[in-house]
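Please open the model in your viewer and keep the selection panel at hand. The stops below say what to select next and what is there.

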Amino acid sequence: MANLAPPEAPQMIGLDWGTSSLRAFLIGNGGEILAERNGPDGIMAVGPDSTDPRGDFSHIAQSAIGDWLANYGQLPVLASGMIGSTQGIAEAGYLDLPTDLGDLGKHLTTIELDTVDLSIVPGLQKTASETDAPDVIRGEETQLLGLLTPELSEQRTVVLPGTHSKWVTSEGTRITDFSTSMSGEIFGLLSTSSILARLAEPTVDFHLEAFDWGVSIGADDPAVLTSSLFSARTWALDGRLLAEEVNDYLSGMLIGSETASQLTPNTESSAPVIICGSTNLTQRYSRALNRLGRETVVADPRAAATGLFRIAEHSGLVPTKENAHD
């Protein structure tokens with residue numbers, strides 16, 4: 001474990017404030033995480049019928065970090081994620097592609113809460129073209145800055161798996177392209193609310209052979225995925241697929257199809273694909289990519305905290321190492 005800065009030297013508070021969760025980081029003078037909290041109070045905790053949404057968000061922030069502010073004074077507070085969306089506390093805008101992530105700190109939106117000023121990071125957007133639909137990132141841009149450095153000048157592919165997975169093309173900290181896949185949300189719906197769920201038995205075990213089988217089917221022809229998915233039912237009826245294997249088979253098909261289709265425009269570089277996500281999803285995406293012949297590198301899932309600290313440095317919210325003793 002890396003040496004932590006002394007507890008008397010916190011420099012800032014970072015918030016990864018998403019749709020369904022809120023992660024808070026107390027960050028030291030070198031970007032070290034001194035303390036971390038995870039809670040369920042994402043932006044959906046404040047409903048559309050709220051008569052005082054800013055007050056409600058302020059109350060959530062106070063509950064999450066109020067004692068840190070009381071103990072260490074008015075530290076800068078920087079947030080990224082859906083808190084900066086139209087459903088959050090304020091719309092923090094987007095930077096157009098291509099863009100260097102080092103510019104994020106120049107475009108912060110600051111909102112006054114009851115006890116602290118909250119600075120919010122903008123997202124990224126890809127405008128529509130003749131062949132591509134528009135696309136947006138909000139929150140993942142901070143993760144990307146936490147795991148990419150200018151020295152990674154060769155074109156890289158970064159996968160941020162989740163409910164809405166992001167596939168990002170980068171050159172150093174310059175983002176040139178990205179696209180979103182809804183495989184995670186589709187899996188959630190199919191495994192709980194579809195006819196396929198009737199024969200499935202949820203389990204915490206990872207059935208590797210069933211997953212790999214699904215990957216091979218999904219990757220073989222992504223264009224026929226909607227037809228292939230029904231085989232999760234027919235193989236279960238046939239008895240070849242056990243009830244506890246159905247969801248892993250289904251997961252494999254979705255991730256295999258997604259991976260095969262996403263690799264097509266991202267094959268110019270032979271560099272390993274960088275994956276940053278939860279342990280479970282990272283394992284699945286890495287396994288699928290390996291089966292399709294791509295090497296992978298697993299990044300620190302707490303990259304958002306590093307990204308928030310770098311943005312704070314770029315914006316002047318905290319001093320850079322060069323200026324720390326001026």
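Begin by selecting Asp212, Arg287 and Arg291, which are linked in a network of salt bridges, a salt bridge being a side-chain nitrogen of Lys or Arg within 4 Å of a carboxyl oxygen of Asp or Glu. Side chains of opposite charge can pair when their charged atoms come close. Across the whole structure, a search finds ten salt bridges.

Before going further, note that this is a predicted model, in which local features need pLDDT of at least 70 and side-chain atom pairs count only at pLDDT 80 or more, while totals for chains, interfaces and linings use all residues. Residues are numbered from 1 along each chain as its sequence is written, and side-chain values use heavy atoms, with hydrogens and water left out.

Next, select Arg37 and Asp67, whose closest N and O atoms are 2.6 Å apart in a salt bridge. The pair links distant parts of the chain, 30 residues apart, with Arg37 in strand 3 (residues 33-39) and Asp67 in helix 1 (residues 53-72); helices (H or I, at least four residues) and strands (E, at least two) are DSSP runs, numbered from the N terminus. Arg37 is partly exposed at 31% relative accessibility, and Asp67 is partly exposed with a relative accessible area of 35%, where buried means under 20% relative accessible area, exposed over 50%, and partly exposed in between (1.4 Å probe, protein chains only).

Move on to Asp103 and Lys106, whose side chains meet in a salt bridge at 3.2 Å, N to O. Here Asp103 is partly exposed, at 28%, whereas Lys106 counts as exposed, at 62% relative accessibility.

Strand 5 pairs with strand 9 (residues 123-126) in the parallel sense, over three bridges, and if you select Tyr94 you will find Gly123 of strand 9 standing opposite.

Finish with Lys126 and Asp177, which form a salt bridge with their closest N and O atoms 3.2 Å apart. Because Lys126 lies in strand 9 and Asp177 in strand 13 (residues 174-181), the pair ties together parts that are 51 residues apart in sequence. Which of buried, partly exposed or exposed describes Lys126? At 15% relative accessibility, Lys126 counts as buried, whereas Asp177 is partly exposed, with a relative accessible area of 33%.

Definitions and conventions. Two strands pair if DSSP finds at least two bridges between them.
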